[in-house]
Structure formats: C-alpha cells, structure tokens
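Please have a look at the model first.

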Amino acid sequence: MSLLSVTDLTVSINGTPLLERVSFTLQPGEIFGLVGESGSGKSLTALALMGLLPQGAVTTGHAELEGLDLLNQSERAMCGLRGNRIGMIFQEPMTALNPLMTIGDQVAETLMVHRALPRDQARAIAREKLDRVGLPEPRFPLRLYPHELSGGQRQRVAIALAIALKPALLIADEPTTALDVTTQAQILDLLRDLVEDEGMGLMLITHDLAVVAGLATHTAVMQSGQIVEQGLTEALFRARAHPYTAALFAASAHQPAQVDIGTPEPLLVVDHATRAYTLARPSAFAPRPVLHAVDDVSFTLHQGESLGLVGSSGCGKSTLTRAILGLDALQGGEITLFGKRVGPDMPNALRADVQVVFQDPYGSFNPRWRVDRLVAEPFHLMPVPPADWHERVAEALVEVGLHPDDRRKYIHEFSGGQRQRIAIARALITRPDLIVLDEAWCAPSPTGCW
C-alpha cells in the first residue's frame, strides 16, 4: 500500500479553479519532489492535504494516507493527524512560529498534546530535536523566542517542531529557503537520514531544481495548478519532455547581463562597523555575556556595483543590513551613503535613497492593507507623493511579473514567491540609489527571473 495516494485532487475558491486533477503517489521511505514557479499551486496542494485551505475552498478527489482519505475527515480528526502522522515545515518560519512562546515550549507542545508527556520530558525531547537540527546548547537555550533568532535559525526550529513525533509523512515547503549553503546541506542530509531511519515519506516542495535533483526519487512539475510532467527524477530532468519543464530549467540558469559604467563613484562606505548585544545571564549572579554580531566590518560599494554578503546563518548579515538601513545604531565605526552619515536619525530624503527587500516578505507587510498601498508605502518618505502613484504601482507590479489588477488584492492571497516579488516592487517604486536584498530569493520562472 502506498503511504500517500492523491487522485484527481481539485481545489476551487469562490468558483475559481486553483488545482485541477492533481494525481501522484508517495511510498514509505521515498522522497517526492514537487517543483514549479511561484503561484503554480505547490503550497496549495500541501495545504489541501493538511486540511488548512482558506474559507470558501471546495475540494474534490481523493488523498489517502495509509488508506485514510484526508479530504473526508472532520477538523477534530485532522487535529489528531497534524503533527502526529503528518508533519509540515512551512515556507515562512516567522509566521509559522508563535512569537509569544519560547522555542523549547513550541517544540515540546506537540509532544504534550499528542503523547500526553509531562512538560519536563517533552522539553528534554525538544532539546534533542533542536540539537539535531543544529541549534545546540548553550548558544541556543530553550528559553529563546523566535525574534531572537536569525531567519535560518527559525527555519531549523520549524523543522525540529515538524519532526518531533517522527510522522509517517513529512511535507517540507521550501525548507531551505532561508538557509546558507552549509546549513542547507546539513538540513538536506538530516531530511534524508530521517527518511532512511524512520521510513517516513517526504514530500519536498521547492523552487531549487538542484535540491530536487540531488534528493528526490520521483519528481512532478506543476504549472497553473496542474501537474504537466512527472516521473523518476533523473529521467525527467534529462528528457524534459514538456515545454514548461524545459523553460523552467532555462530560467534557473539565467544570468543577468553585466553593465560597464566606467569609473564608478563610492556609494556606500562601511567603516569599522561594530554592533554587539548583551545576552541574558546564564544564572542569577553570573555576568551578562556579550554577543558581537558585527565586529569591525569595513567595505565600500560603488555606483553600478553589486556586492554579495555571504556567511552562515546567524553570522551577522541581517544585523549589518539593519545598520545600513539606519534601523539600528552602531556602537563603533560609521556608515555613510553618498558621504552622509546613516543612522536612526537620518532624514527621510536620505532614507528614500535606500530600500530593502526583507528576508520574511509576509512579516514585512501590513496584512490589512491592499497591495497598492503596500507597494506605494515608500512614497511617504517624499515631501509630496507623486500624483500618478496608482499608475506607478501598476508598472512596478508588471516589472516583477505580476498583473496590474493584483494591486487590489490582499497579501495573504499570494504565494510565498509572489509576496517576495511584491516586496521587490515596493523596493523599486522610488527608484532608489541603493537596494539591499536580505535573502530575497524568488523561484525561477519562464516568464521572468529575479
């Protein structure tokens, strides 16, 4: 018997079809890859299996987990399956984690709910799971909150939570998006070991074709809510029989053209920047340890250049980004933009010259605003907002591969990759002199590569 058998899965919301006759099978101990561009329906497929579709969704077809049809279960029954028989690693860890609970309590909670373990035993197992995903003591005690971790570290917490009960089926929705290459390799090895050791099935949703090629046994390619091609991974990637599969591979290999601008002028100068944080005392009378997140960093970025800042998760990249944006004050050194000092007290005119695409796109938006207001938000830095701001918002959305009518939607109506494109549109709207991209990935798309 197959671990998971999906047959003719169809999902529509308010009469609009989003998934059409999706079918695939997953065997115990197998890794199944689901790839496609942003908005193709990959995450929606996972949410349908988890019973987490939004209100108004109508689902038909069958999705059987070890013979149990997931689409015909009550909410009470699904609550008993989620986290127990089915684990899911969500795409955006900051929104998947509870900001009011410590990481230890969040991982322990599922053990207490489904196994009725005492709190001390559940926290001991939580410690083991966090150690296994690369968050060991004493650097990462159980008392930390999600906001005290980097994006990649939060992703590891989400993985520890999903594997705490050794589920039969693990759904990983972009599990390595926010991770550096070293940690990505560790997490992928961990997922592979879990499949081999526990005999679980892994449904891997990703935009990274290289990850699928090196990990998945079977792969399906999704376009516009339909699976257009599937089969053994190696054979599928070699043949690329469907035109969309070939176009997806071509987009993933895209390289932007280099522009020669002659002798550039210095734009951004980081001079011996230092930023440290005082941590909590390990015990009542112990001194407070100090974490040097950014320690004597210097570099110069010229006009027309692209500067890559790389390093492992938690090494200080995002901390330095916040200092460059003037959101955090330095404790030593200086940052200048066009020769003007950058800091929390910098004027709006200077702030308008630097825009950012944050690591967590959903967390950087106000969910109560429509997309047009979100994209136009940087205009408030200008003395007088442009009269044609509606048209400029529409143009910015088209530039990142979206439709002008998307400006009347809310941010929760988009996939993770589409949210990132909207974040890029917001950063471009004022035509700034400097754009900072903090882990600003976007899935390769035949209609555009960002």
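The protein exposes about 21300 Å², and 52% of that comes from carbon and sulfur atoms; areas follow the Shrake-Rupley method with a 1.4 Å probe, and for residues only the protein chains shown count as cover. Do keep in mind that this is a predicted model, where local features need pLDDT of at least 70, side-chain atom pairs count only at pLDDT 80 or more, and totals for chains, interfaces and linings use all residues. Residues are numbered from 1 along each chain as its sequence is written, and side-chain values use heavy atoms, leaving out hydrogens and water.

Turning inward, 47% of the 450 residues are buried, that is, under 20% relative accessible area, against over 50% for exposed and partly exposed in between (1.4 Å probe, protein chains only). The C-alpha trace spans about 65 × 60 × 40 Å along its principal axes.

The fold holds 15 helices and 16 strands, taken as DSSP runs (H or I, at least four residues; E, at least two) numbered from the N terminus. Let's stop at helix H10, residues 243–252, whose buried residues are Tyr-244, Thr-245, Leu-248, Phe-249 and Ala-251. These sit on the same side of H10, because they cover an arc of only 160 degrees around the axis, judged by the directions from the helix axis to the C-beta atoms. An α-helix has 3.6 residues a turn, so residues three or four places apart point the same way. On the other side of H10, Pro-243 and Ala-250 are exposed.

What covers the buried residues of H10? The cover includes strands E3 (31–35), E9 (218–223) and E10 (226–232), along with helices H8 (209–215) and H9 (233–239), contact meaning heavy atoms within 4.5 Å.
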